[in-house]
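This report walks through one protein chain for a reader who has not seen it before. Please look at the sequence and the structure first.

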Amino acid sequence: MCGFGVQTQNFLEANKSIYPVGCADRAVRWIESHLLLVGALALGLALPQIAGIVLSQILISQIQDEITSVL
């Protein structure tokens, strides 16, 4: 019985009992209004990943140097 009797209500009353805006639209609107927070969160998650990649590449090159110096 989702939405039963809503058609007889006016717009303001209907807004209290149903959601006229979809989830995707609401999420996009929230992200657009909080771009600084979303950007900071993305940067905060990306920096440790990049640091891990750089450090692993340094470790790989050190291991390869040791292997070539032994042979």
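Glutamine 7 counts as exposed because its relative accessibility is 81%; buried means under 20% relative accessible area, exposed over 50%, and partly exposed in between, with a 1.4 Å probe and protein chains only. Glutamine 7 is found in the segment before α1. From glutamine 7 to valine 70 there are 63 residues in sequence and 82 Å in space, C-alpha to C-alpha.

The model is predicted, so local features need pLDDT of at least 70 and side-chain atom pairs count only at pLDDT 80 or more, while totals for chains, interfaces and linings use all residues. Residues are numbered from 1 along each chain as its sequence is written, and side-chain values use heavy atoms, with hydrogens and water left out.

**Confidence**

The average pLDDT (the predictor's confidence in each residue, from 0 to 100) is 90 for the protein, and 99% of the residues score at least 70. Where pLDDT is low, the predicted coordinates should not be read in detail.

**Overall form**

The protein has three helices and zero strands. Helices (H or I, at least four residues) and strands (E, at least two) are DSSP runs, numbered from the N terminus. The order along the sequence is α-α-α.

The C-alpha trace spans about 85 × 30 × 10 Å along its principal axes. The radius of gyration is 27 Å, whereas a compact globule of 71 residues would have one near 11 Å; this radius is taken over C-alpha atoms, and the globule rule is 2.2 Å times the number of residues to the power 0.38. Of the 71 residues, 3% are buried. The protein exposes about 6600 Å², and carbon and sulfur atoms supply 69% of that area. Accessible areas come from the Shrake-Rupley method with a 1.4 Å probe, and for residues only the protein chains shown count as cover.

**Helix α3 and the annotated region**

An unreviewed UniProt entry carries the annotation "transmembrane region" for residues 35-60. UniProt positions are given in the numbering used here, feature names are shortened, and annotations may be inferred rather than shown by experiment. Over residues 35-60 the chain is 100% helix and 0% strand, with the end C-alpha atoms 37 Å apart.

Leu43, Leu47, Ile50, Val54, Leu55 and Ile58 make a nonpolar surface patch of about 560 Å². Patches are made of residues with over 30% relative accessible area and no salt bridge: like charges are joined within 9 Å, nonpolar side chains (Val, Leu, Ile, Met, Phe, Trp, Tyr) within 5 Å. A salt bridge is a side-chain nitrogen of Lys or Arg within 4 Å of a carboxyl oxygen of Asp or Glu. Valine 54 lies in helix α3, residues 35-70, and counts as partly exposed because its relative accessibility is 44%.

**Further residues**

Glutamine 62 also has its place in helix α3. With a relative accessible area of 46%, glutamine 62 is partly exposed. Isoleucine 18 sits in the loop between α1 and α2, the latter being residues 23-33; at 32% relative accessibility, isoleucine 18 is partly exposed. Arginine 29 lies in helix α2 and, at 47%, is partly exposed.

The table lists C-alpha separations for these residues.

| Pair | Apart along the chain | C-alpha separation |
|---|---|---|
| Glutamine 62 and alanine 51 | eleven residues | 17 Å |
| Isoleucine 18 and glycine 3 | 15 residues | 6.9 Å |
| Arginine 29 and leucine 59 | 30 residues | 43 Å |
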